[in-house]
Amino acid sequence: MAKVRVAVNGFGTIGKRVADAVARQPDMELVGVSKTRPSFEARRAQEKHYPLYVAGEGKAAEFESAGLKVAGRIGDLLARADVVVDAAPDKIGKENRKLYEAAKLRAIFQGGEKADVAEASFNALGNYDAARGKRTLRVVSCNTTGLARAAAVLRTHWGIDHWEATLVRRGADPAESKRGPINGIVPTLQLPSHHGPDVRTIFPDLSIATTALVVPTTLMHVHVNHVRLARAPDTAKAVLHAFETTPRFHVFHPWEHADGTPEVMEYARDRGIGFNDMMENVLWEEGIRLDGRDLYFFQAIHQESIVVPENIDAIRAMFDLAKTGAESIATTDRALGLRSDSAGS
Ligand code: NAD
């Protein structure tokens with residue numbers, strides 16, 4: 001079967017990772033990426049031999065005067081693709097949708113867009129089957145992806161009566177020099193925060209309330225969770241086992257001395273997958289406590305990369321390239337080096 005031809009529109013934090021991930025998949029071909037202006041990321045695209053196209057209001061002459069070869073404009077890229085992954089900044093995806101509609105192209109959007117940008121919101125563990133054959137999908141945001149993955153595990157094993165989560169959010173991505181805060185803690189005064197309703201785009205019947213605050217760190221988000229389960233697990237170890245045996249969860253044990261997000265990201269650098277990314281939900285064995293039906297746990301979310309494998313599975317669901325969500329997840333994770341039987345780990 002011919003490989004699905006994938007275009008990536010927007011080659012920033014998410015787009016450059018998705019492009020690399022597509023290029024590694026056995027059933028997909030990266031036909032090109034786009035930038036609006038020359039930058040170090042455009043230079044990297046060229047160094048990786050990814051065909052580079054001019055997006056938005058960008059000018060080909062600016063690229064050429066910087067010594068960067070362009071293969072055409074975004075319309076030329078879309079004409080070569082079966083699907084486009086839109087990884088443009090928040091709210092620009094909605095504008096770009098007009099281009100995709102005109103090109104009669106399938107499209108995947110990111111979590112910075114409202115849910116109505118696409119036919120369905122997507123999380124691979126959460127609702128793979130509902131996404132099959134759709135022409136447009138939205139991969140939910142980093143925080144929502146982390147919550148949806150954990151919800152998928154807990155719902156399957158014990159059911160969820162109600163979930164309260166506090167999201168401690170990173171102030172900026174590491175490369176963002178103009179965002180903050182660089183000092184202080186900024187509460188998100190919308191109560192509850194928008195994340196709970198966003199999780200319900202994956203699990204419409206889930207009772208969840210979230211609150212959020214932003215802190216001066218760039219590494220990861222951390223979620224503080226209290227879940228009232230429908231049925232009591234036998235032990236906290238049973239919960240640990242459920243998480244540990246699900247793809248896209250990584251549990252740190254006490255003897256690893258990974259006390260917080262700095263050590264987690266140091267582990268990611270040691271492991272060297274992708275951009276030294278941590279695409280799994282990160283849990284700490286000691287940070288899981290059970291009191292009857294009340295489960296407490298922390299999880300850390302690497303905002304720059306957690307949605308990358310989900311974008312790949314969204315493509316596979318759209319084109320029905322796998323028999324089950326589990327099969328797609330296994331293929332994706334093997335290609336990305338997330339599985340222990342894969343070359344990259
Ligand atoms: P980014 O700013 O790092 O990258 C966006 C890229 O798109 C830039 O290269 C920019 O030049 C380019 N661009 C600008 N206008 C464009 C246009 N009209 N057409 C095509 N490209 C254009 O942003 P990001 O962090 O990668 O975010 C992309 C999307 O992913 C957003 O919806 C965001 O909410 C979502 N997301 C971001 C994170 C994160 O932590 N960074 C996590 C999950 C989801």
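This is a predicted model: local features need pLDDT of at least 70, side-chain atom pairs count only at pLDDT 80 or more; totals for chains, interfaces and linings use all residues.
Leaving aside neighbours within four places in sequence, which residues is His-250 in contact with? His-250 is found in strand β13, residues 249-252. Its contacts are Tyr-267, Arg-271, Met-278, Glu-280, Asn-281, Val-282 and Leu-283, once neighbours within four places in sequence are left aside. His-250 counts as buried because its relative accessibility is 14%, and the cut-off for buried is under 20%.

Arg-248 lies in the loop between α9 (236-244) and β13. Arg-248 is buried too, with a relative accessible area of 4%. Its backbone deserves a look. Most residues other than glycine have a negative phi. Phi of Arg-248, however, is near 70°, a positive value.

Asn-276 also has a positive phi, near 60°. This residue is found in the loop between α10 and β14 (281-291). Is Asn-276 buried or partly exposed? At 30% relative accessibility, Asn-276 counts as partly exposed.

Helix α10 covers residues 261-271, and Thr-261 lies in it. Thr-261 counts as buried because its relative accessibility is 13%. Beyond its neighbours within four places in sequence, Thr-261 is in contact with Leu-219, Met-220, Val-222, Trp-284 and Ala-300.

Now turn to the start of the chain. Helix α1 has 12 residues. From first C-alpha to last, α1 reaches 18 Å, close to the 16 Å expected at 1.5 Å a residue. The helix is mostly covered, with nine of its 12 residues buried. Among them are Ile-14, Gly-15, Lys-16 and Asp-20. What do the buried residues of α1 pack against? Their partners are the strands β1 (4-9), β2 (28-35) and β5 (83-86), and the helices α2 (40-47), α11 and α12 (325-336).

Take the pairing with α11. Helix α1 (residues 13-24) and helix α11 (residues 308-318) pack at an angle of about 55°, with their axes 9 Å apart. That angle makes α1 oblique to α11. The crossing of α1 past α11 is right-handed. On the α1 side, the contact is made by Arg-17, Val-18, Ala-21 and Val-22. On the α11 side, Val-308, Asn-311, Ile-312 and Ile-315 take part. By class, this contact of α1 with α11 has six nonpolar, one polar and one charged residues.

Helix α11 also packs with α12. Here the angle is about 135°, and the axes are 9 Å apart. That angle makes α11 oblique to α12. This crossing is right-handed. Pro-309, Ile-312, Asp-313 and Arg-316 in α11 meet Ser-328, Ile-329, Thr-331, Thr-332, Asp-333 and Leu-336 in α12. By class, the contact of α11 with α12 has four nonpolar, three polar and three charged residues. Ile-312 takes part in the contact with α1 and in the contact with α12.

Follow the chain past α12. Gly-337 is found in the segment after that helix. Gly-337 counts as buried because its relative accessibility is 3%. Gly-337 and His-302 are 35 residues apart in sequence and 16 Å apart in space, C-alpha to C-alpha.

Two prolines complete the tour. Most peptide bonds are trans. The bond from Gly-180 to Pro-181 is cis, with omega near 10°. Pro-181 lies in the loop between β9 (160-170) and β10 (186-187). The bond from Leu-191 to Pro-192 is cis as well, with omega near -15°. Pro-192 is found in the loop between β10 and α8 (195-199).

Conventions:
Residues are numbered from 1 along each chain as its sequence is written. Side-chain values use heavy atoms; hydrogens and water are left out. Axes are lines fitted to C-alpha atoms, for helices over the stretch in contact, and angles run from 0 to 180 degrees between N-to-C directions. Helices (H or I, at least four residues) and strands (E, at least two) are DSSP runs, numbered from the N terminus. Angles under 35 degrees count as roughly parallel, over 145 as roughly antiparallel, 65 to 115 as roughly perpendicular and the rest as oblique. A crossing is left-handed if the near helix is turned anticlockwise from the far one by less than a right angle, and right-handed if clockwise. Contact means heavy atoms within 4.5 Å. Ala, Val, Leu, Ile, Met, Phe, Trp, Tyr, Cys and Pro count as nonpolar, Asp, Glu, Lys and Arg as charged, and the others, Gly among them, as polar. The expected span of a helix is 1.5 Å times one less than its number of residues. Buried means under 20% relative accessible area, exposed over 50%, partly exposed in between (1.4 Å probe, protein chains only).
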